[in-house]
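Here is a brief report on helix packing in one protein. The structure comes first, then the details.

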Amino acid sequence: KMLRLKPTCSRVRLAASTKSLTLVLARSLGGPPAVSSGLQSRPPTRPGDFQLLELGNFQYQRRGVVMAAANTEDIHAESAGPESAGVDHINEHGKVEFEGSLNCTWSKAKGRILRATRTWKEGEIILAEHPLHIVQEDDKSGAFKLLKKLIKERDDDFDYEPLWYWCAIRSLTEEQIKGAKASVGKVATPEVQRNLLLLHHDEIEEPSTAANIIVNEIVPNADPMTLERLIQIWVLNCFEYSDKPAGYSTYFFSSFMSHSCWPNAVWHYDGTDHVLRCRRDIAVGDEVCISYLPENGLLQSAPNRKTELHETKRFWCDCERCRPGGKDYSRGMVCPKANCRKGTVFANTPSGPGNKENQLSANHYNGVTCSECGEAMTKTEAVKLVALEKKAQELVNQYSEASTDPTAKTLEADEKWIDENFKQHVLQDLFLEQLCAAYANKKRLQDQRRLLRRRCDFHKVAYPGLSGAHAWSLEALGDCNRNMKGTKANLEAAKECYTEALAILRLMFGEDHEYVTDVAEKEALVEIDVGRA
């Protein structure tokens, strides 16, 4: 969910703008979308449906100890790092709380990382961790009221919404809030603050204007540098905790897990606890990684993923799916050559870090070969392919912002254009999502189901592993089958979709999570309907 950040992005973009600091989004799960949005599908069985295309070779590679950009030399080079990194303290905590099942080390390339000291199988719980600190908006607090007043009066001096600064204020200790000019309420213990200050944040040379204002006007005995560090720590490490009142939480041990666009772990809530599950088999020595992107974000193209992560978490991803020179299986175009027009042309992943390189660029297509004719793309053809991507993005934005439904003729013409130029592409998928919603509104369930199947096919091949997005697509397809004429064939198709979705969701979130129980209830009801049909 995109929560209460001043810099926002109002539309889906090819590459996120520098204003789209969707910081909480980078740690949210991105839950199941509404059925009306027209989600996804199963592999097709009839001619003319979406063809399952290439899947990344890395799906079949055993990770061993080379998980997430680590190699044997990297592991041998790892150490406890500088004293300020607190690796020994982190590992002592891990031994007490989690029996030392994960070991923190210092990597020169990535800083603190966590490696497995035992094996886990797909779906097993790795750990369950209580929150380190929880902060919620508190309209009864005099200090929170004063903070909101200051931000309203001095808007140009504050980059974030009040809750971010409130989290930092509530992370001060009793000693640090002595003499506060308004009631702050419950704050952190010295031990909690010590652990908070060990969480990731950039080097800070001086406090921001906002931190100085807060100290001067609310907590005069606090150190502005400490407050600034706490602000940045919440911005970079928090998880969404509640909506009403809005609140964020931080977790200690979990915060040292690195990101991967092909993670081997996934987290979810169990009450307030942060539960980490194995997303694919983990061996001793593997680095344990989660995704900082939501589930649907993992389906995005490599440039989009890398740019979003750089803007929200301030690093350029170099995981298996983002490394230079690989194929981007979320960016497949129809071969533009006149003697072909059948094969798929997959863009290369960006050649390195940097804003310029990680925009959708013709360089990513220049020289790549077609899967059918084997010919390489010329520079001119590459430029044309990127122009088509930009046009598709405009079409997605046009549909998502439209106040009225397009006509059936327009829907058919736009779908035809997309299919003539895109083969296995996230923009094609986003467009089909808009078409599904439009067809649902027109009660054209056959067309909605047809496109839902195609979306499921894309989700299955674009991300090689357990995918919440794929599961929720299957759920939506099941719902569509159920909503059609209640023939036994449709009901059985719905049950098949729910069963397949549950196989994914149970491994990712466990038997008792609402994502699972909601679909299980649908499966049980449709099974009764099948028996009656």
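## Helices H10 and H11

In this predicted model, H10 and H11 are roughly antiparallel to each other, because their axes cross at roughly 160° and angles over 145 degrees count as roughly antiparallel. H10 covers residues 408-421 and H11 covers residues 426-441. Their axes come within 11 Å. The crossing of H10 past H11 is left-handed.

H10 contributes Leu 411, Glu 412, Asp 414, Glu 415, Ile 418 and Asp 419. These meet Gln 428, Phe 431, Leu 435, Ala 438 and Tyr 439 of H11. By type, the contact of H10 with H11 holds six nonpolar residues, one polar and four charged.

## Helices H14 and H15

H14 spans residues 488-509, and H15 spans residues 514-532. The two pack at an angle of about 155°, with axes 9 Å apart. H14 is therefore roughly antiparallel to H15. H14 passes H15 in a left-handed crossing.

On H14, the contact residues include Leu 491, Tyr 498, Leu 502, Leu 505 and Phe 509. On H15, they include Tyr 515, Val 516, Val 519, Val 526 and Val 530. Charged residues also take part, among them Lys 488 and Arg 506 of H14 and Glu 523 and Asp 529 of H15.

## The whole chain

The protein has 15 helices and 13 strands. Of its 533 residues, 56% count as buried.

Among contacts with a separation of 6 or more, 71% link residues 24 or more positions apart.

Note on methods: Residues are numbered from 1 along each chain as its sequence is written. This is a predicted model: local features need pLDDT of at least 70, side-chain atom pairs count only at pLDDT 80 or more; totals for chains, interfaces and linings use all residues. Side-chain values use heavy atoms; hydrogens and water are left out. Helices (H or I, at least four residues) and strands (E, at least two) are DSSP runs, numbered from the N terminus. Buried means under 20% relative accessible area, exposed over 50%, partly exposed in between (1.4 Å probe, protein chains only). Contact means heavy atoms within 4.5 Å. Axes are lines fitted to C-alpha atoms, for helices over the stretch in contact, and angles run from 0 to 180 degrees between N-to-C directions. Angles under 35 degrees count as roughly parallel, over 145 as roughly antiparallel, 65 to 115 as roughly perpendicular and the rest as oblique. A crossing is left-handed if the near helix is turned anticlockwise from the far one by less than a right angle, and right-handed if clockwise.
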